[in-house]
Amino acid sequence: MALLELEKISKHFGAIHAVDDISLSLDGGEVMGLMGDNGAGKSTLVKIVAGNFPPTGGAMRMDGVHLTLRGPADARAHGIEIVYQDLALCDNLTAAANVFLSRELQKGVGTLKVLDHAAMSRRTDQIFAELKSDTRSRDLVREMSGGQRQAVAIARTRLSEARIVLMDEPTAAISVRQVAEVLDLIRRLRDRGIGIVLISHRMPDVFAVSDRIVVLRRGRKVADKPIANSSPEEVTGLITGAIENVL
Amino acid sequence: MTPITNEQVKQQRNAWLSRLTSSQAFWVLVAVAAACVFLSLATNSFASPTNLFNITRNFTFVAVVALGMTIVIISGGIDLSVGSVLCLCSMILAVVMHAGYNIEIGVAASLGCALAIGAFNGVLIAYVGIPPFVVTLAMLSLARSLAMVASNNTVVFEFGPDQDKLLFLGGGALLFGVANPVVFTLLLALLTAFILRWTKFGRYVFAIGGNERAAMLTGVPVRRVKVAVYMVSALSAGIAGIIETGWLGAVTTNLGSGMELQVIAATVIGGANLVGGAGTALGALVGSALLEVIRNSLGLLGINAFWQGAFIGAFILVAVTFDRVRNFRQPD
């Protein structure tokens with residue numbers, strides 16, 4: 001029984017079939033690389049899993065149990081977290097503030113509750129230590145490097161002990177050294193038994209860290225295999241259409 | 001290279017001291033203090049008890065509204081209607097008390113009106129999506145017009161049976177000879193600072209101003225917070241109106257006219273960033289204080305009062321440039 005199962009998921013926006021009849025499964029402790037050209041349906045599929053909108057057809061199951069998500073908060077409550085391409089961080093706040101945004105820790109009694117800055121800082125530093133990141137909880141996000149910002153975004157998913165983490169282009173706009181940091185962060189998450197879906201355009205990164213590769217083209221799945229059985233050339237061919245499919 | 005720990009950083013940076021000296025509000029406070037010292041030496045009337053009493057009391061009306069405006073500006077919005085709301089709330093207070101009701105009912109009606117206007121502004125901005133500039137610009141005209149209608153465009157100076165209480169509210173001094181408005185202002189400033197630093201609401205305001213989309217995606221109740229922010233702003237205008245009415249002893253329909261720009265100037269000088277995400281309660285106070293010191297000092301130094309605007313404009317530019325130069329050192 002897989003951690004996450006998608007069965008014939010479709011999403012139609014009027015006449016446009018953004019996602020068509022996609023079935024796949026994800027296990028805990030597995031990184032699934034999701035590749036495809038622009039408009040292939042990767043973001044839409046991931047947003048369905050994250051609860052941003054419901055599928056037009058098909059079903060989703062988690063641990064074998066049928067799942068109907070009523071929104072992103074509902075998805076989070078089930079342990080599904082998404083790290084957006086632009087990270088959804090507030091530059092003017094500290095790392096701890098961003099990690100705990102909308103889930104702040106408070107201290108006090110009754111109606112007289114105040115923010116517990118110390119506790120949030122401590123927990124955030126704890127999470128960064130787990131992720132082996134040198135990010136500091138009291139630093140402003142504005143002053144951070146791309147890799148550190150990714151750590152903050154990923155740390156958010158650790159708050160609720162998410163079991164499925166969806167990552168949209170995590171290495172897209174950062175430097176070479178920081179890419180290595182981010183890939184390490186992904187490996188650490190995987191080592192904790194979390195199921196990860198990694199959307200990326202960058203072939204070397206996907207091949208460096210994924211266990212399986214799924215390729216979408218025009219809303220349909222054209223490949224779903226262990227990455228060891230594939231190659232960058234094959235994946236490129238599948239994305240462009242030179243290879244029809246390898247299912 | 002071993003990463004530096006939080007503890008080492010804390011020791012190295014002497015955190016609170018560096019935070020203080022890099023704060024715009026702190027330097028404006030230094031400027032105000034320096035100006036006061038200079039004026040006490042240069043003139044023989046600045047440091048007189050009556051003049052100090054006047055200055056501290058005058059700046060409070062702008063300061064109270066600036067506290068509310070600071071919260072709006074931190075959230076990334078703006079409220080141009082505060083001057084008119086101040087007038088309308090003063091007029092409601094005056095009309096209700098003039099009709100014979102006691103001060104508690106008058107204040108309740110006045111602040112109730114402020115909250116209603118704030119909610120109206122907030123709903124149009126947060127739920128209908130009209131830009132804050134447009135909504136509050138419309139309310140600027142609307143509220144003042146309603147104030148004129150409520151009073152039939154006359155001066156109200158008779159406040160019924162509770163008139164003495166109202167005049168004491170605005171003009172009296174309950175604690176150690178400190179003017180009541182000053183006490184209110186300091187209490188409201190402490191409350192505002194507390195809200196901004198220690199409550200979820202305060203943090204949400206900063207988040208919305210920093211990156212509204214991120215706040216929404218993470219689950220912050222953005223629209224509700226925005227409505228609350230504009231209600232707070234209108235409420236601060238209402239409170240300022242009540243105190244000012246108590247001080248002046250009369251309400252005219254041009255009360256608070258043009259005040260919105262003064263208040264915005266005060267908040268910007270005090271360090272609030274108009275694009276959102278930054279600002280402090282202390283900044284609102286010192287910005288208002290600086291404006292009042294400028295106004296007062298020009299008269300005492302015998303400078304033509306028409307230069308007042310030039311000084312205010314110059315200080316706005318200096319304050320904002322100082323902030324930009326400071327941030328220039330930040331890495332990309």
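## Helix packing in chain B

In this predicted model, B:Phe201, B:Tyr204, B:Val205 and B:Ile208 of helix H10(B) meet B:Val222, B:Val225, B:Lys226, B:Ala228 and B:Val229 of helix H12(B). Sorted by class, this contact has 8 nonpolar residues, 1 charged residue and no polar ones.

Helix H12 of chain B covers residues 222–248, and its axis lies 10 Å from that of H10(B), at an angle of about 105°. Angles of 65 to 115 degrees count as roughly perpendicular, and H10(B) and H12(B) are therefore placed in that class.

## Contact between the chains

Across the interface, 19 residues of chain A are in contact with 21 residues of chain B. On the side of chain B that touches chain A, at least two residues each come from helix H1 (6–13), helix H10 (200–210) and helix H11 (212–218) of chain B. H10(B) supplies the largest share of that side, 5 residues.

The class count for the side of chain B that touches chain A is 11 nonpolar, 8 polar and 2 charged residues.

## Nonpolar core

The largest nonpolar core has 167 residues. The residues with the most contacts inside this core are A:Ile196, A:Leu198 and A:Val215 together with B:Val65, B:Val85, B:Leu86 and B:Cys89. H12(B) gives the most to the core, with 15 residues.

What does A:Val215 contact, leaving aside its neighbours within four places in sequence? The partners of A:Val215 are A:Met35, A:Gly36, A:Val222, A:Ala223, A:Val235, A:Leu238 and A:Ile239.

## Sheet in chain A

Chain A has an open sheet of 4 strands in the order S2-S1-S4-S5, with antiparallel pairing. Strand S2 (16–26) and strand S5 (65–66) of chain A are the edge strands; each has a single partner strand, so one side of each is left without a neighbour in the sheet.

Within the sheet, strand S1 (residues 4–13) and strand S4 (residues 57–62) of chain A are joined by 5 bridges in the antiparallel sense. A:Ser10 has A:Gly57 as its bridge partner in S4(A).

## A residue on the edge strand

A:Ser25 belongs to strand S2 of chain A. Is A:Ser25 buried, partly exposed or exposed? A:Ser25 has 17 other C-beta atoms within 10 Å and is partly exposed, since a buried residue needs 20 or more and an exposed one has 12 or fewer.

Leaving aside neighbours within four places in sequence, A:Ser25 is in contact with A:Ala2, A:Leu4 and A:Glu5. A:Glu7 is 18 residues from A:Ser25 in sequence, with a C-alpha to C-alpha distance of 8.5 Å.

Methods: Residues numbered from 1 in each chain as written. Chains lettered and ligands numbered in written order. Predicted model: local features only at pLDDT ≥ 70, side-chain atom pairs only at ≥ 80, totals over all residues. Pairing = 2+ DSSP bridges. Contact = placed C-beta atoms within 7 Å. Nonpolar A, V, L, I, M, F, W, Y, C, P; charged D, E, K, R; others polar. Axes fitted to C-alpha atoms, helices over the stretch in contact; angles between N-to-C directions. Parallel < 35°, antiparallel > 145°, perpendicular 65-115°, else oblique. Core = buried A, V, L, I, M, F, W, Y, C linked by C-beta atoms within 7 Å.
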